[in-house]
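Welcome! Take a moment to look over the sequence and the model before reading on.

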Amino acid sequence: MPRGFAVPAALLASTGLLASTALLTAVPASAATPGGSRAGEVCFWTAAGQHGSSWCYTPPGYTDVPEFLHDKAASFRSNADTAVYAIDWGRGACYARLIRAHDLADNWPWGARLDGVADTMMGCEVG
């Protein structure tokens, strides 16, 4: 009968322990960095310096921002490889503000107008 590779029992036990410990401590990237901006996303925060409550948009398309962020974005970070537009639905008109690829703002006054985000200007005026 051919002999296989023999692994000492102590080594197997420690390997199993390490593997189970690694599984228990592994945390998805989104949970490890709450509100962190991942590749392809543009994230907005309610406080300056990318603090406070956050929400992230992933292009393409248009998406309304959640109510807690509506007209209350104080900072953003783009990890998208494309430009996106912050949208403000004004009275009778809409306005779009360019967010360049990989841009950020730690103190963003325009965020007080934020209603939605899109990968096009949505026919809005430059705002």
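## A buried cysteine pair

C94 and C124 are both buried. Keep in mind that this is a predicted model. The two residues form a disulfide, with their sulfur atoms 2.0 Å apart. The pair links distant parts of the chain: C94 sits in strand 6 (residues 94–99), while C124 lies in the loop between strand 8 (116–118) and strand 9 (125–126), 30 residues apart.

What is the handedness of the disulfide of C94 and C124? The disulfide is left-handed, because the torsion about its S-S bond is about -105°.

## The other disulfide

A search of the whole structure finds 2 disulfides. The link of C43 and C56 is right-handed, with 105° about the S-S bond.

C56 counts as partly exposed because its relative accessibility is 24%.

With the bonded cysteines numbered in sequence order, the pairing reads 1-2, 3-4.

Four of them form an open sheet in the order 2-1-4-7, with antiparallel pairing. Strand 2 (51–57) and strand 7 (104–105) are the edge strands, each pairing on one side only.

Strand 7 pairs with strand 4 (residues 75–78) in the antiparallel sense, over 2 bridges. Here, R77 stands opposite L104 of strand 7.

Methods
Residues numbered from 1 in each chain as written. Predicted model: local features only at pLDDT ≥ 70, side-chain atom pairs only at ≥ 80, totals over all residues. Heavy atoms only, no water. Pairing = 2+ DSSP bridges. Helix = DSSP H or I, 4+ residues; strand = E, 2+ residues; numbered from the N terminus. Disulfide = S-S within 2.5 Å. Buried < 20%, exposed > 50% of the residue type's maximum accessible area, 1.4 Å probe, protein only.
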